[in-house]
Amino acid sequence: MDKTISSMDVLFLAMGAMLGWGWVILSGEWVATAGFVGATLAFIIGGILITLIGLTYAELATAIPEAGGGVVFVQRAYNPSLAFIAGWSVLFGYMSVIAFEAVALPTVIDYIAPIEHKVKLWTLAGSDIYLTWAMIGSIGALFLGALNYIGIRSATIFQTIFTLAIIGVGLLLIFGALSYGDSQNLHPLFTGGLSGMTNVLVMVPFMFVGFDVIPQIASEIRATKSIGKILVISIISALAFYILIIYGVSLGLPESELLTSKLATADAMTHLFNSPLLGKILVIGGIAGIITSWNAFVIGGSRILYAMALRNMLPTWFAKLHPKFRTPSNAILFLTALAFFAPLLGRQALGWLVNAGSIGVVLGYLIVTLAFIRLRKLEPELERPYEIRYPRLIGYTAVILSIGFLTLYLPGMPSALSFPIEWSLVLGWYLIGAWFLIIRKKPIPEVHFEGYRHLKNQ
C-alpha cells in the first residue's frame with residue numbers, strides 16, 4: 001500500500017474512532033448508573049488499562065510497522081494460531097462497532113427530525129423495524145464504503161473534518177457546564193455502589209476501541225517513528241474528553257431528569273443554554289461521531305482482514321488490493337455489506353453489539369500484550385524507535401488488568417453478558433473462527449511479510 005497518511009491524519013483517525021456516538025447516547029446512562037464520581041472513577045480505571053495497553057502497542061507499531069497490527073505482533077512472538085485468535089477477537093470488536101454505527105445513524109436522525117416510517121418489516125426484541133428507517137443506515141454504509149474504496153487519502157481528510165466537529169460541540173457543552181451548570185446536580189456522587197461503577201467500567205474498553213486502528217495502517221503512515229507518541233496522545237486526549245463530558249452532563253441535568261432523558265447529553269446542552277437549537281447541534285456533532293468511528297473501523301477492519309488473508313488465515317479473496325486505488329477493496333466491500341444489513345436488527349441491537357464486542361476487544365488486547373512481553377525476551381536487539389520504560393511492569397500490569405476485565409463479562413458477575421443473545425453472538429463468532437482455524441491449516445507464505453523473513457534470518 002502507498003505511504004500517504006500524515007502524522008496529523010493519524011491523530012484525527014484515532015481520536016475520531018474513539019470519540020464516536022457513544023458519548024452522546026450513553027453519558028447520561030453512565031452518570032445515572034454510577035453517579036458523577038462513580039462514572040469518573042470507572043473511566044479513570046478503564047483509561048489506565050487502555051493507556052498501559054496503548055503503550056505496548058505504541059512500542060510494537062513503531063518497531064514493526066506492518067499492516068495488520070496485532071496479527072503481525074502475535075505471529076512474530078508466538079505462532080499463527082494465536083495470531084489468528086488475536087486478530088479474530090479484535091475484528092469482532094471492529095465489526096461490532098461498524099454494525100453499531102449503522103444502527104445508531106437512523107436512531108439519531110429520528111431524534112433530530114422525527115420521521116413517520118413506512119413499510120414495517122418485523123419486530124425484534126420489542127423494536128419495530130421499518131424499511132425506511134433501515135435504509136438510512138444502509139445508505140450511510142454505501143457512502144462510507146465508497147469513500148474508503150477510492151483511497152485512504154479521501155477517507156482521512158473526511159475523518160479530520162468530522163473529528164474537529166465532534167471536539168467543537170463537546171467543548172461547547174463543557175463551556176456551558178462551567179458557565180451555567182449547577183453544582184448541586186453533581187449529587188449523589190455515587191449511585192449503585194460498586195455494582196453501579198462496575199456496570200460503567202465494562203463499557204469503557206468499547207469506548208476506547210479505535211487507538212489500535214493506528215497499528216493496522218502502520219505500513220501506510222509516512223512518519224513511522226512518530227506512531228508511538230501519536231497513539232499515546234490520542235488515548236489520553238480521548239480519556240480527558242470523556243471525563244469532561246461526564247462532568248458537563250452531571251452539571252447540566254439533575255438526577256430526576258437524567259433518569260427520564262432519552263438523550264441526556266443533548267438535553268443537558270439544551271438545559272444549560274436554554275436553547276433547543278444547541279441541543280440539536282450537539283446531536284449533529286454526535287452524527288459526526290458516528291461517521292468518524294464508522295469510517296475508522298472500516299479502515300482498520302479492512303486492514304485486519306487483508307493481513308489475515310495474506311497469512312492464509314482467511315480466504316485470499318480478502319487480500320486483493322485494488323490496482324488503481326491501492327486499497328483492500330474486497331475487504332472493504334465485505335464490511336460495507338455487513339453495515340448495509342445491520343439496521344435490519346433494530347435499535348435493540350445497540351446494547352447487544354456494545355457488550356458482546358467488548359469481550360473480543362479485551363481478549364485481543366490481552367494476547368497482544370503477552371506478545372509484547374515475549375518479544376522483549378526473544379528480540380532484545382530489535383530496533384524500537386518508541387521504547388517504553390519499565391516494560392515488564394507495564395506489560396504484566398496490563399495483562400493482569402485485562403484478565404480482570406474479562407472476568408467482569410462472565411456469568412455471576414454484576415455486568416455479565418446476557419443469555420442467550422449476547423453470549424450467542426460471542427460463541428457464534430468464535431465457532432466460525434474455529435472453523436477457519438481448522439480448515440486453513442496450510443503453510444503461510446513467508447514472502448508476504450517481513451516478520452517471517454526476520455525470524456528465518458535469526
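Phe84, Trp88, Phe92, Trp429, Tyr430, Trp435 and Phe436 come together as one aromatic cluster. For pairing, the rings of Phe, Tyr and Trp (its six-membered ring) need centres within 6.5 Å; planes under 30 degrees apart count as stacked, over 60 as edge-to-face and the rest as tilted. The structure is a predicted model, in which local features need pLDDT of at least 70 and side-chain atom pairs count only at pLDDT 80 or more, while totals for chains, interfaces and linings use all residues. Residues are numbered from 1 along each chain as its sequence is written, and side-chain values use heavy atoms, with hydrogens and water left out.

Across the structure there are 26 aromatic pairs. One of them is the edge-to-face pair of Trp30 and Tyr242, at 6.0 Å centre to centre with 80 degrees between the planes. Trp30 belongs to helix α2 (residues 22-63) and Tyr242 to helix α10 (residues 227-252), so this pair ties together parts that lie 212 residues apart in sequence. Helices here are DSSP runs (H or I, at least four residues), numbered from the N terminus. Both Trp30 and Tyr242 are buried, where buried means under 20% relative accessible area, exposed means over 50%, and partly exposed falls in between (1.4 Å probe, protein chains only).

Trp30 turns up again in the largest nonpolar core, which has 165 residues. A nonpolar core is a set of buried Ala, Val, Leu, Ile, Met, Phe, Trp, Tyr and Cys residues joined through side-chain atoms within 4.5 Å. The residues with the most contacts inside this core are Trp21, Trp23, Trp30, Phe43, Phe208, Phe211 and Trp294. Helix α2 supplies the largest share of the core, at 20 residues. As for Trp21, leaving out residues up to four places away in sequence, its contacts (heavy atoms within 4.5 Å) include Phe100, Glu101, Ala104, Val108, Leu263 and Val283, along with Gly286, Ile287, Gly289 and Ile290.

Helix α10 also packs against helix α1 (residues 7-18), at an angle of about 35 degrees and with the axes 9 Å apart. The axes are lines fitted to C-alpha atoms, for helices over the stretch in contact, and angles run from 0 to 180 degrees between N-to-C directions. This crossing of α1 and α10 is right-handed, that is, the near helix is turned clockwise from the far one by less than a right angle, with anticlockwise giving left-handed. On the α1 side the residues involved are Ser7, Val10, Leu11, Ala14, Met15 and Met18, which meet Ile230, Ile233, Ser234, Ile235, Ser237, Ala238 and Tyr242 of α10.

Setting aside neighbours within four places in sequence, Gln159 is in contact with Phe12, Leu13, Gly16, Ala17, Thr292, Asn295 and Ala296.

Ahead of α1, Ser6 counts as buried at 17% relative accessibility, and its side chain has a 3.0 Å polar contact with that of Asp9. Asp2 lies in the segment before α1 too, but is partly exposed at 42%. The C-alpha atoms of Asp2 and Ser219 are 8.0 Å apart, although 217 residues separate them along the chain. Beyond residues up to four places away in sequence, Asp2 touches Glu220 and Arg326.

Arg326 has a phi near 60 degrees, a positive value in a residue other than glycine. Its place is in the loop between α13 and α14 (329-341), and it is partly exposed, with a relative accessible area of 31%. Asn274 likewise has a positive phi, of about 55 degrees, without being a glycine; it lies in the loop between α12 (264-273) and α13 (276-310) and counts as exposed at 71% relative accessibility.

Most residues other than glycine have a negative phi, and most peptide bonds are trans. Cis peptide bonds do occur here: one joins His187 and Pro188, with omega about 0 degrees, and another joins Phe419 and Pro420, with omega about 10 degrees. Pro188 is in the loop between α6 and α7 (193-201), and Pro420 in the loop between α16 and α17.

Terms used:
Helices (H or I, at least four residues) and strands (E, at least two) are DSSP runs, numbered from the N terminus. A polar contact is a pair of N or O atoms within 3.5 Å; within protein, one must be able to donate a hydrogen and the other to accept it, and residues adjacent in sequence count only if both atoms are side-chain atoms.
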